[in-house]
Amino acid sequence: MAKIIVTGGCGYIGSHTIVDLLEHGYEVICIDNNSRSHATVLNAVEKITGKTVKHYKIDLCNYEDTCAVFEEHTDISGVIHFAAYKAVGESVEQPLLYFENNLISLINLLKCVDEFGVSHFVFSSSCTVYGNPDSIPVTEDTPIKKAESPYGSTKQISEQIIEDYAKNSAAEHILLRYFNPAGAHPSALMGELPLGKPQNLVPAITQTAIGKLEKLWVHGNDYPTRDGSCIRDYIHVCDLAHAHTLALRYLEQEKNEKSCEIFNLGTGNGNTVLEAIHAFEKTSGVALNYAIGPRRSGDVIAIYANNDRAQKVLGWQAKYSLEDIMSTAWKWEQELKAGQTVFN
Ligand code: UD1
């Protein structure tokens, strides 16, 4: 049974990925400083899978602490690195915090991968690296544009660091570029738990529907799209999670041609903000209190994935629809309200 370190394993995508890994026979070690997550999510992981995960509450920016985990577990075959700050607005206000946290942690981890002979490294990147693309859908070869935020820059620089490092490393690497992860585990035992007011669309929708937010503001309806609102590729977090298991398997089976390969992870469908709202209304039966507001600065007009490479090479396919995303996110929001989750 291969042993994998998942950093940021208590976070939204990390926790769903741990479940998928456990369900596919991996042993998982979690590293998370819990600065923006709750270790209790691992209770939900245990409930879903019936398996336990050893958790280290340490900061990856501390090299000695990071090394100590690898020293204790000398048989780690792969690392999936999620741990990072991800709030776009905060990154604009505190760029150094973002560069320091997201880059030092990555460098420390790569040093450990090298020192302890770990074979596989999977990195959590983002479609934010494409900036405002000239044409859509974007393929992995679509040129990288200037990042719209320091957060986006950290993803671009991280990719560059890994690509350069991979050229002289014994390990094999994969960069996964996520589009818009959303939805929750179908059990409603885990889901997204935004800190403060949600910036992302789906939690903003469900929090409005439950009454935590008074109104959902649509950030602009005067874009050159079919209904004037921005287009994104919403991917269910469980579909995204499974892609990490497939990425590891792909490296284990030595199918990779390069020491660092890149995959888009999106459904290949672009939906507007208004379509997302209507999908929510349809599945939940709740009429959402929303209004059209001004554009949000830094928003890309339209982006969705060409996911041919992930389908053909990894054998990955999105199983959940936009409606599934909305219904699982809604069920999760209702459980949160009912006080039925490990976070309550
Ligand atoms: C954002 C980041 C992206 C990051 C991702 C991480 C930007 C430009 N991009 O993606 O780099 O990887 O978050 O979570 O910030 N919307 C509303 N009303 C709301 C919230 C959102 O209309 O209350 C709209 C947005 O304007 C956008 C769409 O919904 O058109 C999706 O927004 P969001 O969920 O924040 O994701 P991104 O902006 O695509």
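User: Which residues come nearest to the ligand?
Analyst: The model is a predicted one. Around the ligand there are 20 residues. Of these, the ones that come nearest are Leu201, Trp217, Arg232, Arg296 and Asp299.

User: How far is a polar side-chain atom of aspartate 299 from an oxygen atom of the ligand?
Analyst: A polar contact is a pair of N or O atoms within 3.5 Å. Threonine 128 has a polar side-chain atom 3.0 Å from an oxygen atom of the ligand. In arginine 232, a side-chain N or O atom is 2.5 Å from a ligand oxygen. For aspartate 299, the distance between a polar side-chain atom and an oxygen atom of the ligand is 2.5 Å.

User: How much of the ligand's accessible area does the protein cover?
Analyst: On its own, the ligand has 740 Å² of accessible area. The share of this that the protein covers is 88%.

User: Which element gives the most to the shell around the ligand?
Analyst: Two or more residues of the shell come from helix 7 (201-210) and from strand 8 (216-219). With 4 residues, the element that gives the most is strand 8.

User: How many residues of the shell around the ligand are charged?
Analyst: Sorted by class, the shell holds 10 nonpolar and 7 polar residues. The number of charged residues is 3.

User: What is the volume of the second largest pocket, and which residues line it?
Analyst: The volume of the second largest pocket is about 190 Å³. Its lining is made by Glu140, Asp141, Glu163, Tyr250, Glu257, Lys258, Cys260, Glu261, Ile262, Phe263, Arg309 and Val313.

User: Which element gives the most to the lining of the second largest pocket?
Analyst: The elements with two or more residues in this lining are helix 10 (308-314) and strand 11 (260-265). The most, 4 residues, comes from strand 11.

User: How many charged residues does the lining of the second largest pocket have?
Analyst: By class, the lining has 5 nonpolar residues and no polar ones. The count of charged residues is 7.

User: Is leucine 246 buried or exposed?
Analyst: Leucine 246 is part of helix 8, which spans residues 237-252. The relative accessible area of leucine 246 is 10%. Buried means under 20%, so leucine 246 is buried.

User: What is the form of the peptide bond from isoleucine 136 to proline 137?
Analyst: Proline 137 sits in the loop between strand 5 (120-126) and helix 6 (150-167). Omega for the bond from isoleucine 136 to proline 137 is near 0°. The form of this peptide bond is cis.

User: Is asparagine 34 buried or exposed?
Analyst: Asparagine 34 lies in the loop between strand 2 (27-31) and helix 2 (41-49). Although asparagine 34 is not a glycine, its phi is positive, at about 55°. Its relative accessibility is 14%, and because buried means under 20%, asparagine 34 counts as buried.

User: Is glutamate 254 buried or exposed?
Analyst: Glutamate 254 is located in the loop between helix 8 and strand 11. Its phi is positive and near 55°, in a residue other than glycine. The relative accessible area of glutamate 254 is 67%. The cut-off is over 50%, so glutamate 254 is exposed.

How values were computed. Residues numbered from 1 in each chain as written. Predicted model: local features only at pLDDT ≥ 70, side-chain atom pairs only at ≥ 80, totals over all residues. Heavy atoms only, no water. 1 Å grid on protein atoms, 1.4 Å probe; cavity = no way out; pocket = protein on both sides within 12 Å on 5 of 7 lines; lining within 4 Å. Points joined across faces, edges and corners; volume = space filled by probe spheres on them. Nonpolar A, V, L, I, M, F, W, Y, C, P; charged D, E, K, R; others polar. Near = heavy atom within 4 Å. Polar contact = N/O pair within 3.5 Å; in protein donor to acceptor, adjacent residues only side chain to side chain. Areas by Shrake-Rupley, 256 points an atom, 1.4 Å probe, with all protein chains shown as cover. Buried < 20%, exposed > 50% of the residue type's maximum accessible area, 1.4 Å probe, protein only.
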